[in-house]
Amino acid sequence: MSVAKKEYKRVTVKSLIEMKRNGERISMLTAYDFSMAKIVDDANVDVILVGDSASNVMAGHETTLPITLDQMIYHASSVIRAIKRALVVVDIPFGSYQSDPKEALRSAIRIMKESGAHAVKVEGGIEIKESVKRILNAGIPVMGHLGLTPQSIYKFGTYTVRAKEEEEAKKLLDDAKLLEKLGCFAIVLEKIPAQLAKKVAESVHIPVIGIGAGNGVDGQVLVIHDLLGITQEFNPRFLRRYMNLYEEMGNAISQYVTDVKSRDFPNEEEQY
Ligand code: KIV
C-alpha cells in the first residue's frame, strides 16, 4: 500500500481536499509549543492542531473549558514560529464563539492576526451555523468538529462514544453535510461508531479526520502527549501509544538527580 502519493512542500486546505480525492490518508497531531511543533513538522505531519486539549495536557485542567482565547493565541503563535510545512489549525476556545456570530468572527480574526495560524476549528453543527458562515465570509478557513465535542462535556455528562442511537447519528450526518455546504474545509469526528464515521466520510467531499472513529475516514488525529505516552491515566481503546515517554523521561531525570547528588555531574569535560 502506498503511503504518500505526492510531495507537499506546504500543506494548504486545498492540499487536504486533493489528498482525499487521491485516496491519500491525512495525518494530524496536536502541538502547543515551539519545540514540540518543530519535531512534529519535521516528521511530515500534514496538519498541526493547536487544540484546546492544551487546557488538559499543558495546564492540567480537567476539561477544555477553562482555556482562554489569549492562552490559545499564545500557544498558536509559539507553534507557528516552528513550522515550515504543516497546516496549522487552532481551536476557538469555549465561550469565544457560541454566544453570537460577531463574537465568533472577532475571536477567529484575533487568532489569525495575532498568531499567524492558517485556519480555525469549532465544535458543533446546526447550532453554530451562523457563526461558521460569518467566519467563512471573512475568508478564514474553518474545520468542523462533531461527535464527542469536549466543550459540551457537561451536557453529555460522560466521555463515552456518541451517536450510537439513530437520532443522534442522523443529526451528526446532517450536521456534516451542512458544514460541507457552508464551506468548511474538513471535519473532525471524535469517538463515534466506525460504521457511522465511514458513512460520513463517504457522504461528503471534504476530508473527515477521525479520533476514535475507526479506519474508514480520510485521516487520523491524536493528542501528541497521548501518542508519546506522556499522559498515563488516559487509556481509551482508540489510543495507540508509540512510546512510554513518561517512563523514559523519568529515568533520564532520575539519573540526572543521582549524578548531581554523587558529584558525577559535571565532570572535567563539562566545565570551563
Ligand atoms: O483539542 C483537541 O486536541 C482536539 C482533538 C482531540 C481533535 O480537538
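A polar contact is a pair of N or O atoms within 3.5 Å; within protein, one must be able to donate a hydrogen and the other to accept it, and residues adjacent in sequence count only if both atoms are side-chain atoms. The model is predicted, with local features needing pLDDT of at least 70 and side-chain atom pairs counting only at pLDDT 80 or more, while totals for chains, interfaces and linings use all residues. Residues are numbered from 1 along each chain as its sequence is written, and side-chain values use heavy atoms, with hydrogens and water left out.

A polar side-chain atom of D52 lies 3.0 Å from a ligand oxygen. For S53, the distance from a side-chain N or O atom to an oxygen of the ligand is 2.5 Å. For D91, the corresponding value is 3.1 Å. The protein buries 96% of the 260 Å² that the ligand exposes when taken alone (Shrake-Rupley method, 1.4 Å probe).

The surrounding shell (residues with a heavy atom within 4 Å) includes T30, L49, K121, H145 and E190. Its residues divide into four nonpolar, four polar and four charged. Here Asp, Glu, Lys and Arg count as charged; Ala, Val, Leu, Ile, Met, Phe, Trp, Tyr, Cys and Pro count as nonpolar; the others, Gly among them, are polar.

K6 lies in the segment before α1 (13-22) and E18 in helix α1, so the pair ties together parts that are twelve residues apart in sequence. Helices (H or I, at least four residues) and strands (E, at least two) are DSSP runs, numbered from the N terminus.

Some backbone features also stand out. K191 is not a glycine, yet its phi is positive, near 45°. K191 sits in the loop between β6 (186-190) and α9 (194-203). R263, also not a glycine, has a positive phi of about 65°. R263 belongs to the segment after α11. P266 is likewise found after α11 (245-261). The peptide bond from F265 to P266 is cis, with omega near -5°.
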